Amino acid sequence: RRARIGLADRIFARVGASYGSVSLYNATANGADALSMSTVKAYISGASSVVSGALDVHTFAASYATANIDRPTASVSLANIAVAVLLANAGGTYEAYIDSTGARHDGLTASTIRVGVGHNTVASATTGPLGGTGVSVSGVSVNVNQANATATANASAYIKGSGRVAATTGDLRVQVNGRARAVAGVLEDTVTVSLLNIAASGTNATVSVAQKAYFDTAGTVDIAGAILIRANFNATDAGAFATSGTPSGSGGVSLSLVSGTATTAFATSTLANSAYIQGNGTVTAAGDVIINAISVTQAIATVNKPFSAALAQVTILYAKSYVQDNVSAYITGMTVQSGGKVDVIAKADAKAHATSAAAGTASLFSGAAGSVAAQIGSSANRQSVQAYIGADAHVTAAGNIKVEANSTGDAKARMTQGFNISGVTITASRVPTYSYYRTSAQIGADAVVTSTGGSIT
């Protein structure tokens, strides 16, 4: 949606959601896709206006995609039901901004100004527990029940341009608040199900988000109160969650041995989150100038252990979780003057947990393995948290000036017992964790940074 300012002082844009499912009954090949993608904008461009009250330019966006298998409502035999492939993909591009380019006279003036984006993206896919082999889904031979959930978002709240933006009595707030959740799992039956042969299951949950709150101006920003620039991605229930393996309640079954097919769970979360002031203009605030980028991310991958000693045949079990963030807060190029304090703070808290049952095999099959890996960052793309004032910036504050980068991480890989059965051997097990971090707080050597009444840290 698009909105342009007239006489109103509130510009809001909203967007909705989409769902999909597939029946469990009388099927030989099941596939269901649920897609929800959107572009949502609220903005002011080139306006020269005086707003007597508060000016609020805001985007609220929610994108939901759900692909599930319908649950059975009575006792039913599923021995001849084939595999299912489900895809849920939710995402969008969300913006709220003021572009001062072309504004004349005193530019855009209001008592207080808020530019913000609030976005929530959720993808959920649930597959299995189904059986059958060699089934063609969309022309591809599939022997694994698959649930794929992907949540993506690109969100920006900003002020840009070469004109003037002013708040005459209060604060200027530029803020992004984001949440994204991807859940991929295996159906947990609530009725008695006779499952003589369950195909292996593969679940993939992926969260990929880029968001930023910023000024990028060659003009002037004059604020009677404080300036608050915040990029928050810190909902504690957000993240990527993948669960695979034999569901509880389906005792006395076996996982199919189909060409060494693996039962897997992969959870991946990547985030780029930034808050900053850049350009070659001038920013003046009578109060504080606060620039914060705050992130909390997690990826949880689980392969459930078998629930019965009748599981005489188990192929490969593998769970992997991966988190990689780029979080930054900075000032570069600009002249910034504050009548209070200046804070430039970047914080990230990352969690990668992976849990898998130990795999085993009877003498009928060789090469079974149980592996689990938890990873934060990589050698090529580290978990990066940076806060800085660039070498070409001029920052003056009446109070304290603080530049801080804070990074915490929790990587755990765990293998559970699995099951006990005579003659079972485990041919390979790996339980590694990997962590690669880069954390820095700095003031450029040629930056001009002055606190007239406080300290610089």
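Contact here means that heavy atoms lie within 4.5 Å of each other, and the views below are taken from a predicted model.

**View 1. Ser269 and the residues it touches.** Ser269 belongs to strand 19, which covers residues 262-279. Once its neighbours within four places in sequence are set aside, Ser269 is in contact with Val207, Thr297, Gln298, Ala299, Tyr322, Val323 and Gln324. Ser269 has a relative accessible area of 2% and counts as buried, because buried means a value under 20%. Ser321 lies 52 residues from Ser269 along the chain, and the C-alpha atoms of the two are separated by 8.3 Å.

**View 2. The pairing of strand 20 with strand 23.** Strand 20 (residues 282-285) and strand 23 (residues 335-338) run parallel and are joined by four bridges. Within this pairing, Val283 has Val336 of strand 23 as its bridge partner.

**View 3. Ala391 in a loop between two strands.** Ala391 is found in the loop that lies between strand 26 (383-389) and strand 27 (394-397), and with a relative accessible area of 39% Ala391 is partly exposed. Apart from its neighbours within four places in sequence, Ala391 is in contact with Gly444, Asp446 and Ala447. Of these residues, Asp446 is 55 residues from Ala391 in sequence, while the distance in space is 4.6 Å from C-alpha to C-alpha.

How values were computed
Residues are numbered from 1 along each chain as its sequence is written. This is a predicted model: local features need pLDDT of at least 70, side-chain atom pairs count only at pLDDT 80 or more; totals for chains, interfaces and linings use all residues. Side-chain values use heavy atoms; hydrogens and water are left out. Buried means under 20% relative accessible area, exposed over 50%, partly exposed in between (1.4 Å probe, protein chains only). Two strands pair if DSSP finds at least two bridges between them.
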